[in-house]
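Here are a few friendly notes to read alongside the model. Please keep the 3D view open as you go through the points.

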Amino acid sequence: MASAFLANRDGTQVRKHNVDHAFKRLLKHVGIDHKDDGRRAPCLHALRHTAAVHRLTSWYRDGADVQRLLPALSTYLGHADLDGTSVYLSMTPELLHEASACFDRYVNGGHHA
């Protein structure tokens, strides 16, 4: 039997519905349960996107071998391949800056400020 990533005290798997409900209650408690400008409130799934982009940005910032580490990110997210992970990797200004600096070092052998 596979173990659950999130488990109840009795060891049973936490149901997605219960996690989603708890997250919505938390958002309401802190006052961000809805947006007045028509945007959607944050959701747990969006945290996966954010975490993946932050991890990638951090790897670039640290000078890590991103191509070698991407399969580990895919595995962590529960994807069978990089195609499944690629949808999580939205370009942000920070990620673009770090990737550009890495490319600059590769092409010019220099340091990007």
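1. In this predicted model, helix 2 packs against helix 5 (residues 93–108) at an angle of about 30°, and their axes lie 9 Å apart. Angles under 35 degrees count as roughly parallel, so helix 2 and helix 5 are roughly parallel to each other. Their crossing is left-handed.

2. Which residues bring helix 2 and helix 5 together? From helix 2 come Val53, Leu56, Thr57, Tyr60 and Arg61, and they meet Glu94, Leu95, Glu98, Ala99, Cys102 and Arg105 of helix 5. Sorted by class, this contact has six nonpolar residues, one polar residue and four charged ones.

3. Now please turn to the other partner of helix 2. Helix 2 (residues 44–61) also packs with helix 3 (residues 66–77), here at an angle of about 160° and with the axes 11 Å apart. Angles over 145 degrees count as roughly antiparallel, so that is the description for helix 2 and helix 3. The crossing of this pair is right-handed.

4. On the helix 2 side, the contact with helix 3 is made by Arg48, Ala52, Arg55, Leu56, Trp59 and Tyr60. Helix 3 answers with Val66, Leu69, Leu70, Leu73 and Leu77. By class, there are nine nonpolar and two charged residues in this contact, and no polar ones.

5. A last stop is the largest pocket, which has a volume of about 920 Å³. It is lined by 26 residues, and those closest to its centre are Leu6, Val19, Leu44, His45 and Arg48.

6. Which helix gives the most to the lining of the largest pocket? Helix 1 does, with six residues. Helix 1 (16–30), helix 2 and helix 3 each supply at least two lining residues. By class, the lining of the largest pocket divides into 16 nonpolar, three polar and seven charged residues.

Conventions:
Residues are numbered from 1 along each chain as its sequence is written. This is a predicted model: local features need pLDDT of at least 70, side-chain atom pairs count only at pLDDT 80 or more; totals for chains, interfaces and linings use all residues. Side-chain values use heavy atoms; hydrogens and water are left out. Axes are lines fitted to C-alpha atoms, for helices over the stretch in contact, and angles run from 0 to 180 degrees between N-to-C directions. Helices (H or I, at least four residues) and strands (E, at least two) are DSSP runs, numbered from the N terminus. Angles under 35 degrees count as roughly parallel, over 145 as roughly antiparallel, 65 to 115 as roughly perpendicular and the rest as oblique. A crossing is left-handed if the near helix is turned anticlockwise from the far one by less than a right angle, and right-handed if clockwise. Contact means heavy atoms within 4.5 Å. Ala, Val, Leu, Ile, Met, Phe, Trp, Tyr, Cys and Pro count as nonpolar, Asp, Glu, Lys and Arg as charged, and the others, Gly among them, as polar. On a 1 Å grid over the protein atoms alone, a cavity is a set of points where a 1.4 Å probe fits but cannot get out, and a pocket is an open set with protein on both sides within 12 Å along at least five of seven lines; lining residues have an atom within 4 Å of a point. Grid points are joined across faces, edges and corners, and a volume is the space filled by probe spheres set on the points.
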